[in-house]
Amino acid sequence: MTVERCALLLRAVNVSGANRVPMAELRALMNDRGGFGAVTTYIASGNVICDPPEDPAAVCAEVRALIHDAFGVDTPVILRTHDDLVRAIEENPFPDAAADKMLHAMFLEGEPRADAVQTLTARLQPGERIALRGSDLWIDFGAGGVHSSKLTRPVLDRALGVAGTARNLRTVRKLAELSAD
């Protein structure tokens, strides 16, 4: 019997040369420390696959502290189980999005502010759409993509009132696949 794994999602690491966290080094540190199962990573932008912990909040705090101590980077660590990832894909509110790379699921650390969607809707560019599904904010950036959007990280953080980290649909599907092992 195989045990499904989970994904630890690091926010804004190894993007644009900022917040450098070498995934191979992090993987080695976590494997050396133990308690995470056989740790693997997927692409350089902060996706760690490990065994599901008994206390997700404690593990997120532990990994955040490990990253800070080893690399000098303070970044939220957000956990999603295999089932969470599969559910997110199944609940995708925009199956008609033009491209998987333009559709992002932003995984939040907790519940967003009650008025978050209303606040963000006012900032949408033509062709953009958003939808909240539990603690996941879906953003369809449309043809303009992320770079033409006014939904910047500071705007999202203020409106949501909670940290989050986004992955495009292609990456979410891959994380679901990797966490099924």
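The crossing of helix 3 and helix 6 is left-handed, a crossing being called left-handed if the near helix is turned anticlockwise from the far one by less than a right angle, and right-handed if clockwise. Helices here are DSSP runs of H or I with at least four residues, strands are runs of E with at least two, and both are numbered from the N terminus. This is a predicted model, in which local features need pLDDT of at least 70 and side-chain atom pairs count only at pLDDT 80 or more, whereas totals for chains, interfaces and linings use all residues. Residues are numbered from 1 along each chain as its sequence is written, and side-chain values use heavy atoms, with hydrogens and water left out.

Two packed helices are described by the angle between their axes and the distance between the axes. For helix 3 and helix 6 (residues 169-178), the axes come within 9 Å and cross at roughly 145 degrees; such axes are lines fitted to C-alpha atoms, for helices over the stretch in contact, and the angles run from 0 to 180 degrees between N-to-C directions. Helix 3 contributes His 82, Leu 85, Val 86 and Ile 89 to the contact, and helix 6 contributes Val 172, Arg 173, Leu 175 and Ala 176, where contact means heavy atoms within 4.5 Å. By class, the residues of this contact between helix 3 and helix 6 divide into six nonpolar, one polar and one charged, with Ala, Val, Leu, Ile, Met, Phe, Trp, Tyr, Cys and Pro counted as nonpolar, Asp, Glu, Lys and Arg as charged, and the others, Gly among them, as polar.

Helix 1 passes helix 2 in a right-handed crossing. On the side of helix 1 the contact involves Glu 25, Leu 26, Leu 29, Met 30 and Arg 33, and on the side of helix 2 it involves Glu 62, Val 63, Leu 66, Ile 67, Ala 70 and Phe 71. The residues of this contact of helix 1 with helix 2 comprise eight nonpolar, no polar and three charged.

Side chains of opposite charge can pair when their charged atoms come close. The structure holds 11 salt bridges, each defined by a side-chain nitrogen of Lys or Arg within 4 Å of a carboxyl oxygen of Asp or Glu. One of them joins Arg 64 to Asp 74, with the closest N and O atoms 2.7 Å apart. Since Arg 64 lies in helix 2 and Asp 74 in the loop between helix 2 and strand 4 (77-81), the pair ties together parts that are 10 residues apart in sequence. Arg 64 is partly exposed, at a relative accessible area of 28%, while Asp 74, at 52%, counts as exposed; buried means under 20% relative accessible area, exposed over 50%, and partly exposed in between (1.4 Å probe, protein chains only).

Elsewhere, Asp 96, Arg 129 and Asp 140 are linked in a network of salt bridges. The side chains of Arg 129 and Asp 96 meet at 3.0 Å, N to O. Arg 129 lies in strand 6 (residues 129-133) and Asp 96 in the loop between helix 3 (82-90) and strand 5 (103-108), so this pair ties together parts that are 33 residues apart in sequence. Arg 129 also forms a salt bridge with Asp 140, the closest N and O atoms being 2.6 Å apart. Because Asp 140 lies in strand 7 (residues 136-140) and Arg 129 in strand 6, the parts tied together are 11 residues apart in sequence.

Arg 11 lies in the loop between strand 1 (6-10) and helix 1 and, at 9% relative accessibility, counts as buried. Leaving aside neighbours within four places in sequence, Arg 11 is in contact with several residues, among them Thr 75, Arg 153, Asp 157 and Gly 164. Gly 164, in strand 8 (residues 164-168), is buried with a relative accessible area of 3%. Not counting residues up to four places away in sequence, Gly 164 touches Arg 11, Ile 78, Met 106, Phe 107 and Leu 108.
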